[in-house]
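Look at how the inside of this protein is packed.

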Amino acid sequence: MKRWGKVLALVAVAMVVVSVAAIAAPKTWVVGFTQVGSESEWRTADTISVQDSITNDPTLVMVYSDAQQKQENQIKAIRSFIQRKVNVILFTAIVETGYGTVLQEAQKAHIPIVMIDRPVAKEDMHYVLTIMGSDFIKEGEKAGNWLAKYLKDNGIDDGSTPIDIAELQGTTGAAPAIDRAQGFRNIAKDHPNWQINHSQDGDFTSSQGKQVMEAFLKADPKIQVLFAHNDQMALGAIQAIKEAGLQPGKDIIIIGMDAVKGMFQAIVAGEANCTIECNPLLGPQAVQAIHDLRAGKKLPARIWTIESQFDATNAAAALPTRQY
Amino acid sequence: MTSWRSLSRTKIVWPLIALGALLLLNLFFTPHFFRLEIKQGHLYGNLIDILKNVAPIMLLSIGMTLVIATHGIDISVGSVVAVSAGAVAILIGGDLAGHPKYPIAVAMIAALLVCTAAGMWNGMLVSRVRMQPIIATLILFVAGRGIAMVFTNAMVIWLYAKPFAILGQGYVLGIPFSIYIVAFVLLLTFIFTRRTAVGMFIEAVGINPTAARFSGINAKNILFWVYTFSGLCAGISGLIVCSTVMSADGNNAGNLYELDAILAVVLGGTSLNGGKFYLFGSIVGALIIQTLTTSIYAIGIPADVSPVVKAFVVWAVCLMQSERFRTRIVRVFVRKGLSA
């Protein structure tokens with residue numbers, strides 16, 4: 001009888017120890033991540049970065065949902081995250097509107113929402129803890145500043161002779177297209193001799209960029225600078241410039257954006273001059289934000305991505321490390 | 001007058017007039033639009049750009065013409081373009097020094113085989129499973145891009161193998177090489193459909209498949225091969241698209257091309273109700289679309305307005321095609337003339 005009592009006591013002690021350990025041990029956090037789909041190379045790099053950063057972190061567990069470009073899939077995914085009582089939701093919005101109800105449900109369940117890259121509409125933003133992503137206006141300004149410095153360093157810009165600039169815009173109405181154009185113009189307005197003589201929609205694709213550049217060159221063979229809203233268009237335009245018998249990078253200064261691998265190769269080959277990074281590798285910063293959240297730190301309402309710029313001075317060195 | 005009447009009844013006249021009007025507009029609004037120079041041993045100018053950039057749409061519209069003639073439609077062609085580009089790119093490989101992984105000819109043939117198989121899939125669904133064409137081809141419209149993404153690993157693959165560039169960027173006798181490809185495919189298709197009874201069979205199936213079957217035409221096989229041919233055309237088109245920019249982009253290659261191809265066929269005078277088809281009309285239709293695009297760039301119409309301009313031109317050309325509209329207009333003018 002006594003023996004049974006001892007066993008019971010032991011079991012009881014063991015149970016207490018286990019449950020205390022369970023509470024004290026670093027509980028893993030479950031992260032729900034709903035991505036828009038795989039619409040572009042940039043998005044693929046973004047998805048992989050976030051997934052890898054979370055799965056490589058032993059204290060985090062990821063529940064992933066690919067919305068395949070459909071909002072209803074995404075809303076369903078967020079609802080299922082709420083039911084599973086995840087600790088935090090990472091979320092890239094497909095469109096801006098229509099998420100109010102489901103975000104409110106998340107708020108009632110006390111699940112913080114961290115948005116990545118694409119925000120929801122302003123009136124729903126108060127459900128969201130923070131948004132991380134690129135500052136497109138700043139990217140446009142960087143391009144402008146780079147150009148100003150390059151022109152000055154090479155003695156091309158004397159402040160009065162007109163500089164003939166062509167611009168390949170991103171898809172009409174897309175946020176990066178609007179903001180990058182704006183940012184570039186913020187700098188251009190301080191240089192009255194910069195003339196953006198040609199500006200067309202290149203749809204963010206190389207084939208469209210090439211076609212538009214072909215037409216630009218027929219209308220005006222004296223273009224000096226090409227500012228493309230992404231590298232794909234710049235790379236397409238480079239081919240058009242070559243076909244016109246001009247030397248890209250020398251006869252026409254070429255500035256792209258996003259910093260994709262192909263553009264690095266073009267810069268190293270001397271066929272392009274500069275690319276402003278639009279960093280899709282948001283994973284590490286997202287994981288950092290989650291840890292800050294766990295530690296009870298207050299997150300800023302906006303987390304800017306760390307981004308740099310590359311030209312002939314640093315492209316060759318950075319090329320081997322580029323992941324996308 | 002009588003000769004004008006008989007001329008105005010031939011379908012090809014109206015798209016030609018529209019094309020002429022577009023070019024005339026450029027004569028006034030775009031200085032140097034018609035200027036041709038010789039640069040790097042080939043012709044250089046806006047007109048050459050039009051020819052070079054229209055080739056992929058022309059190829060699609062040749063296949064699409066036959067499909068539409070059978071009272072069908074193939075909305076998968078844009079995605080098949082991406083499949084073709086993805087397949088050829090992955091087989092040639094993105095080696096910086098330009099050494100292809102597999103011989104370029106092998107890569108091209110493999111890509112064409114994949115696309116022909118895609119066409120066969122469509123053809124099987126339409127002719128054997130008897131799915132409605134728009135639904136049958138919707139499957140590959142969606143899945144095609146997925147297949148292309150699997151090929152390219154959802155990345156843009158850049159190619160550096162120089163010989164492959166001939167397809168989309170090369171010139172023969174000063175004229176873009178891609179136009180010779182179009183001419184070759186067009187000629188073969190024309191001979192095969194118009195110098196044999198095949199063209200009539202296709203039209204018969206389009207007008208009334210049951211009657212066609214009773215008169216001894218194997219409607220099922222006609223349908224099957226027409227979609228297969230459309231897949232092959234999309235494959236060739238994809239090779240040119242890939243070669244033009246030396247890259248394969250699973251997301252964007254051939255995006256919305258199916259609409260341009262359908263539009264080219266309709267502008268060319270072939271009815272979506274099937275029946276009579278006009279191969280050369282479709283070619284002119286494709287030229288109208290590309291001339292319009294190039295004109296918009298050349299005139300410098302702002303990006304945000306250009307879709308409206310495009311829509312207006314398409315609307316006007318479609319109205320011109322309508323016989324009922326034309327007779328109404330004529331009647332209005334005649335009445336005015338009488339009362340004056």
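Predicted model: local features only at pLDDT ≥ 70, side-chain atom pairs only at ≥ 80, totals over all residues.

## Nonpolar cores

The largest nonpolar core has 127 residues. Within this core, Met213(A), Ile254(A) and Phe164(B) touch the most other members. Helix H3 of chain B, residues 46-69, gives the largest share, 13 residues. A second core is separate and has 24 residues, including Phe81(A), Ile89(A), Val120(A) and Val128(A).

Phe164(B) shows the packing around one residue. Leaving out residues up to four places away in sequence, Phe164(B) touches Val88(B), Ile92(B), Ile104(B), Met108(B) and Leu159(B), and also Leu239(B), Cys242(B), Ser243(B) and Met246(B).

## The largest cavity

Two cavities of 30 Å³ or more turn up in the whole structure. The largest has a volume of about 80 Å³.

Helix H7 (206-219) of chain A and helix H11 (219-245) of chain B each supply at least two. By class, the lining has four nonpolar, five polar and one charged residues.

## The second largest cavity

The second largest cavity holds about 50 Å³ of space. Its lining has 13 residues. Nearest the centre lie Lys218(A), Glu243(A), Tyr44(B), Asp49(B) and Lys52(B).

Two or more lining residues come from each of H7 and helix H8 (231-243) of chain A, and from strand E2 (42-44) and H3 of chain B. The classes here are seven nonpolar, one polar and five charged residues.

Technical notes
Residues numbered from 1 in each chain as written. Chains lettered and ligands numbered in written order. Heavy atoms only, no water. Core = buried A, V, L, I, M, F, W, Y, C linked by side-chain atoms within 4.5 Å. Buried < 20%, exposed > 50% of the residue type's maximum accessible area, 1.4 Å probe, protein only. Helix = DSSP H or I, 4+ residues; strand = E, 2+ residues; numbered from the N terminus. Contact = heavy atoms within 4.5 Å. 1 Å grid on protein atoms, 1.4 Å probe; cavity = no way out; pocket = protein on both sides within 12 Å on 5 of 7 lines; lining within 4 Å. Points joined across faces, edges and corners; volume = space filled by probe spheres on them. Nonpolar A, V, L, I, M, F, W, Y, C, P; charged D, E, K, R; others polar.
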